[in-house]
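Trainee: I'd like a close look at a single part of this model. Please take it step by step.

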Amino acid sequence: MATKVNEFLGEKAGQQLRAEIYSDVDGYNIQYYVNNSLQKQESFAGKSIHFVEDAANNWISGIKVLNG
């Protein structure tokens, strides 16, 4: 079972952005939301929580772009 460990919030061009970080037996994953609609889920097996938090924060800041 996945456990929510952190959440990042932001706004861009009038859209509400949210990145939720979860931890499970396989590592961490991020769920990316725009206006409460899930856009993508990304897995980070073997990465530290700091790496995953940076990825979530980079998306909120507009540095990271979701493809696919």
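Trainee: Which side chain meets E20 in a salt bridge at 2.8 Å, N to O? Please take that spot apart and show me where it sits.

Mentor: The partner is R18: its side chain and that of E20 meet in a salt bridge, 2.8 Å from N to O. Keep in mind that this is a predicted model. Now the surroundings.

Start with the sheet. Four strands form an open sheet, ordered β1-β2-β3-β4, with antiparallel pairing. The edges are β1 (3-12) and β4 (37-44), and each of these pairs on one side only. On average, neighbouring strands are turned by 15° against each other, direction ignored. Helix α1, residues 49-61, lies across β1, β2 (15-24), β3 and β4. Against β2, the helix runs at about 165°.

Back to E20. Its side chain also meets that of K4 in a salt bridge, at 3.6 Å from N to O. K4 belongs to strand β1 and E20 to strand β2, so this pair ties together parts 16 residues apart in sequence.

E20 has a relative accessible area of 7%; buried means under 20%, so E20 is buried. R18 also counts as buried, at 17% relative accessibility. K4 counts as partly exposed, at 40%.

The spot extends further. Salt bridges that share partners join K4, E7, R18 and E20 into one network.

Across the whole structure, a search finds five salt bridges. One of them lies elsewhere: the side chains of E42 and K64 meet at 3.3 Å, N to O. This pair links distant parts of the chain, with E42 in strand β4 and K64 in the segment after α1, 22 residues apart. E42 is buried, at 18% relative accessible area. K64 is partly exposed, at 23%.

Seven bridges join β4 to β3 (residues 27-34), and the two run antiparallel.

Definitions and conventions
Residues are numbered from 1 along each chain as its sequence is written. This is a predicted model: local features need pLDDT of at least 70, side-chain atom pairs count only at pLDDT 80 or more; totals for chains, interfaces and linings use all residues. Side-chain values use heavy atoms; hydrogens and water are left out. Two strands pair if DSSP finds at least two bridges between them. Axes are lines fitted to C-alpha atoms, for helices over the stretch in contact, and angles run from 0 to 180 degrees between N-to-C directions. Contact means heavy atoms within 4.5 Å. A salt bridge is a side-chain nitrogen of Lys or Arg within 4 Å of a carboxyl oxygen of Asp or Glu. Buried means under 20% relative accessible area, exposed over 50%, partly exposed in between (1.4 Å probe, protein chains only).
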